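Morning, everyone. I have one model to show and a few minutes to do it.

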Amino acid sequence: MSLLPRRSGPDGSAGSAPPATTVGTQAPVQNLISQPAFLTGILDIAEDAVISVDDAQTIRLFNKGAERAFGYSAEEVIGKPLDMLLPGYARAGHREHVERFGAGEAPSRRMGERAEIFGLRKDGTQFPAEASISRLDVNGERYFTAILRDVTERKRAEQALRDYHNNIVNILESITDAFMALDTRWRFTYINREAARLLRRQAGLILGRSIWDEFPELRRNALYGQFSKALAQQMTVSFEDFYQPLKIWLEFHVYPSKDGLSVFFRDITDRKQQAELLRRAKEAAEAATQAKSMFLANMSHEIRTPLNAVIGMTSLLLDTPMTDEQKDFAQTIRASSDALLAIINDILDYSKIELGKLDLDLHPFDLRRCVEEALDLLAPQAAEQNLNLAYLIDEATPATLVSDVTRIRQVLVNLLSNAVKFTHQGEIFVSIAATPGADGAYEIKFSVKDTGIGIPADRVGQLFQSFHQVDASTTRKYGGTGLGLAISRRLAELMGGTMWVESEFGRGSTFHFTIQARPGPSPSHGYLQASPPMLTGKRILIVDDNTTNRRILVKQALLWGMLPSAVASQAEALDLIRHGHAFDLGILDMAMPGMTGVELACEIRRHRDSRSLPLILLTSMGQRQKSAAVEKASFAAYLSKPIKPAQLFEALVTTLGMQLEAMPDAMPQVDQRLAERMPLRILVAEDNLVNQKVAIRMLARMGYRADVAANGTEVLDALERQNYDVILMDIQMPEMDGIEATRRIFQRLEPGRRPRIIAMTANAMQTDREECLAAGMDAYLTKPIEVRDLQAALEGTVRMPAAPVAAVAPDDGPIDSKRLGYLREIQDEANPNVVGELIDLFIDDSPRHLANLWKAVNEQNAQALKQVAHRFRSSTENLGVRRMSAICDRLERMGMAGSVEGAMELLEQLNDEFERARQILEAEKERP
C-alpha cells in the first residue's frame, strides 16, 4: 500500500509519479513517496489514528493507530468512503465541514479547535474523539489528513471528576455549617449558601475577590491572625470570634493545604448567650448559697452569744449549794446547752465548707492515737449503753500518716456518735486498712460497723444529703441536724477520698470512708514491734464472749510472739484450768453472761494463786468496782475497752513482772481529783468541734467542767459575764484569733483579774512562741495536746520556754552525743542498726537540701528558702547535729521575714559544718 494514492494517467490507468525535478516545491513530497517503507514505519508507531482522504472523501491512508481505534484493518477501508467511520447523524455535517476547511486559507487546524466529534467502530459502537486536520496539494490535487485521538478514558475521567465535584458541592450546600475556600492570595474560590447567608453576600459576586478587600474590618480582629497562622504554619486552627458588623459570634475551624484554606464556620451566638445566662445563673446560685451559708454562720454566732451565757451561768450555778432536785435541773440545762452547742458547731462547719473556707492542715500524726482519741470520746456513752467498742488496724497500714488529723478524727467521731446513737445492743467495731498507690501514697480505708437499727434501702440514697435524715418526721426518735454525714463526706472528699454505706435494715450498718495520705516517719513504739523478747513464747488465756474482742486480743498476742488460747465461755476456761493447762497469765472480760469476770477469777483462784497465774480484768469504762470479790480475785491489772495496744502491752509486761522501758505513747496517768485539789473555772477557746470535745474530755477526766468559746470575740463576751481562772486559747480562730484576744484581755483587765492564758496551736516554730509570749500568754501547748502536758500547765509547772540561742556557742561540739545515745537505746534485736541507718540517710540526703538552699538564695526566693531550711532543720535535729540545726533555724527565720540578705555567708558556714558533722558521724557508725 502506497502512502499516497498514485496519480491516474489520461486513460485512467495509474501512472508513475512525475520526476522530482518537474514538481518544484513538491520535490520533498516526491522524495518521501519514493520511500514508502520509511514513511509507513513512522506513521505506524504513532499512538493516534492517522487517516488521509482525497478530495472525494475516499480513504487513501489508514495507519496502525487507526486500525486500533476503529477496529478495521487498512485493507478493509482503503479506497472506501470516509462516511463508514462516522455515525450516520454526523456524516452530512462532517462533509460540509471538510469542504469549508478546503475552501479556507488555513492549511491546517490544530487538535481540539473544533467541536467534539465521534467515531464509529467496526462493531457499531461510538467513541468521542479529538482531531487535527491539514490540507496538502500535490500536483493539483488536494488531500486531507486527520490525526484523530480516542478520548473515551479522558472523558470518563473528566465526568468522574465532575461527578465528584458536584457531590462535594451538593454536600457543602446541604450542610448546616457555612463553608468557604480561599486560595493562597486570600481570594474566594468557593462559598456555600450558608456562608453567603451569614456574610450577607451573593456567592457569584465575591468569587475571585480577596476576603480582606470584601471584608476589610476583619483585618482588625483575631480572624486575620488565625488565618495567617494556619496558612503560614500549615496547621489546623479552631477559634471563636465576635463579628462586630453583624453582632454575632462565629466559631471557626480552618484547614490549610498548599492551595489555600478550607474554612468551616457557624453562628454560635445563641450558644454564647445561653452560656452567659448559665454563667449568670450559676453566679447567682453561688451568691445565694454563699448568702445562705453566711446567714447560717452569722446566725450561729448570734445564737452562741446567749448560749454561752446559759452554759457559763449554769457552770456557776452548779458550783453553788443546791438541793438534789435543783442540781438535777441545772445539770439538765447544762446537758441541753451542750447538745445545742454541738448542733451550732455542725452548722458552722457546714457554712465553712459551703463558703470554701475550710482548709486542710497536713502534718504527720500517729494513726493509732487518732483512732483511740476518737474512741475515748464515745467510750463513756458506749459503756452506759453496755456496747462493746473495739478497733483493729491492719498490719500493712503505715503507723504514721501525713494528713489532717483533726478532720480525720472529726469524721470518725461523727460516725461513732451515729453508731452509738442508733445501736441499742451489741458492738461498734472500727477497722482500718491501707492500699499502696503508684506514687508512694496510700489509700486509707476506715470502716465503722455497728449492730444497730440499720437503714431502709429506699433511704440510703438520701443519707449524705445536707439536712436529710432517715427519719425526718416531727415525731422522730433520734434528733440532730442532718448535717453530720454530709459534712463528713465532704471532708473525706477534701482529703482525696469518698464515703459510702452498706446497711441492712434491722441488722446494722457499716460506714466506709477513704482518704489519700502519704506515710510519715515511723515511730519507735515498743508495743508495735513484732515478737518483743519480753513477751515471746508466753502463754496467755483469753476469756471473752465477744468474738471481735477475742479476735483483736489473739491477733495482737500472735504479733508479739505469744501463744494465745481464746475461749468464749467461763466453762471452757475452767475446763482448761482444771485439766492442768499451763498459762503465764490470763485476760478475763468483766461482762459475760452467766458469770462475770470477777466471779470467774474467784473460781480460778481455787486452782491457781495470783503468783502462778496473774489475771488482767477487761472492763468497760466505769465498771471497775471495789468489793470483797474483787479483792479475792487479786487482779494484777485492769484494762478499759476499747482495747489499746499500748495499754495492753504495758499491762502484759508489768503483770509478768518485767521492767517496762519508756513508752511515749502509753496512756499517761491522769489525776482524776485535780479539780478537787485545784478548783478552777476554765474556758476553752477553740473553733473546731473535735478539738473542743478532746479538750473538754481531757478536763472532765481531771474533774473539771469547762465552758466553750468559738473565737476571740466570744472569749471577750464570756469574760464580761464572769471571771475565769484559766483560758485554753487556740491561736487560729475566725473573727478574732487568740493572739489578738489575749492583747485585748490585757488592755481591759487589771493584773489581778486576768485569767491565766495557755496557748494551744499546731505551730511549733520559735517565732510562734515568741509571739505568744509577747502577747502576754503564760504557757504554750503544741497540738495534739498530751494529757500530762495539759495537767502540768494547769498546775502551773509548765511555763513558756525560753527562746533558744540562734547560734551554737563555739565551745559546743557539732554533734549532740546525748541524742545519739538516746537513739542507741531504742535499738534492739529487731532493729540493731538504727543509728547507722539514720546517719547514712542524713549523709545521702543532705547534699540535696544544700543544693536546694543555694538555688533558693540564687533565685532570691525567700519562700523556698524558708521551706527548704525547715525540712533540713528537721533532719539535723533528728541526729542532734546542733550547729547545722542552728544555722537552718536562722535561714528559716530569714525566709519568713521575706529576705535572703546574708544567706550566702550562712550557707558557706552550713557547708563547712556539714563536712565536720559527716566525718564525726561516719566515725560514730563504727561504735558498738
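Start with a charge network. Asp177, Glu240, Glu251, Arg266, Arg271 and Lys272 are linked by salt bridges. A salt bridge here is a side-chain nitrogen of Lys or Arg within 4 Å of a carboxyl oxygen of Asp or Glu.

Some ground rules. This is a predicted model, where local features need pLDDT of at least 70, side-chain atom pairs count only at pLDDT 80 or more, and totals for chains, interfaces and linings use all residues. Residues are numbered from 1 along each chain as its sequence is written, and side-chain values use heavy atoms, with hydrogens and water left out.

How many salt bridges does the structure hold? The count is 40.

First up, Glu76 with Lys122. Their closest N and O atoms are 3.0 Å apart. Glu76 sits in helix 4 (residues 74–77) and Lys122 in the loop between strand 4 (117–120) and strand 5 (126–138), so this pair ties together parts 46 residues apart in sequence. Helices (H or I, at least four residues) and strands (E, at least two) are DSSP runs, numbered from the N terminus. Buried or exposed? For that we use relative accessible area: buried is under 20%, exposed is over 50%, and partly exposed is in between (1.4 Å probe, protein chains only). Glu76 is partly exposed at 28%. Lys122 is partly exposed too, at 46%.

Next, Glu194 and Arg197. Their side chains meet at 2.6 Å, N to O, in a salt bridge. Both lie in helix 7 (residues 193–199), 3 residues apart, about one turn of the helix. Arg197 is exposed, at 52%.

Then Glu913 and Arg916. This salt bridge has its closest N and O atoms 2.9 Å apart. The two residues are 3 apart in helix 31 (residues 903–925), so about one helical turn separates them. Glu913 is buried at 11%, while Arg916 is partly exposed at 42%.

Two strands pair if DSSP finds at least two bridges between them.

Look at the pair at one end. Strand 27 (residues 756–761) and strand 28 share 4 bridges in the parallel sense. Ala759 stands opposite Tyr780 in strand 28.

Contact means heavy atoms within 4.5 Å.

Last stop, Gln385. This residue is in the loop between helix 13 (367–384) and strand 13 (388–393). What does Gln385 touch, not counting residues up to four places away in sequence? Val420, Thr423 and His424. Gln385 is partly exposed, at 27%.

That's my tour. Questions, please.
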